[in-house]
Amino acid sequence: MAKVTLKGFIKVPGRDLEAVEDELVIHRQLTLEEPGCITFKVIQDKTDPCRFDVYEEFIDRKAFEQHQQRVASSDWGKLTRNVKRHYEVFE
């Protein structure tokens, strides 16, 4: 199976920014502990604090889909429901 890579960015509404910054610490830790996670980087833009660049790699489609399922039901998933996501996924 082929590695899956997700690249892009999210735009966080200003009213949610502080909570997203706080929860990101936990989200990052949980993601890096997932089986099949190779790389997980979310970096806040220096000129636009509401933009976060995202780069993720998983060993295969199954690991990526399991990550997506976990996130959907997590505190991060609930908190970021108003976030605009601009991603591309490559296999």
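A: The buried residues of helix 2 pack against strand 1, helix 1 (17-32), strand 3, helix 3 (75-79) and strand 4. Contact means heavy atoms within 4.5 Å, and helices (H or I, at least four residues) and strands (E, at least two) are DSSP runs numbered from the N terminus. This is a predicted model, in which local features need pLDDT of at least 70 and side-chain atom pairs pLDDT 80 or more, while totals for chains, interfaces and linings use all residues. Residues are numbered from 1 along each chain as its sequence is written, and side-chain values use heavy atoms, without hydrogens and water.

Q: Which residues of helix 2 are buried?

A: Buried means under 20% relative accessible area, exposed over 50% (1.4 Å probe, protein chains only). The buried residues are A63, F64, H67 and V71.

Q: What lines the largest pocket?

A: Rolling a probe the size of a water molecule over the atoms shows where empty space is left. A pocket is an open set of points on a 1 Å grid over the protein atoms alone, where a 1.4 Å probe fits, with protein on both sides within 12 Å along at least five of seven lines; lining residues have an atom within 4 Å of a point. Here 13 residues line the largest pocket, and E56, V71, W76, R85 and Y87 lie nearest its centre. Helix 2 gives the most to this lining, with three residues.
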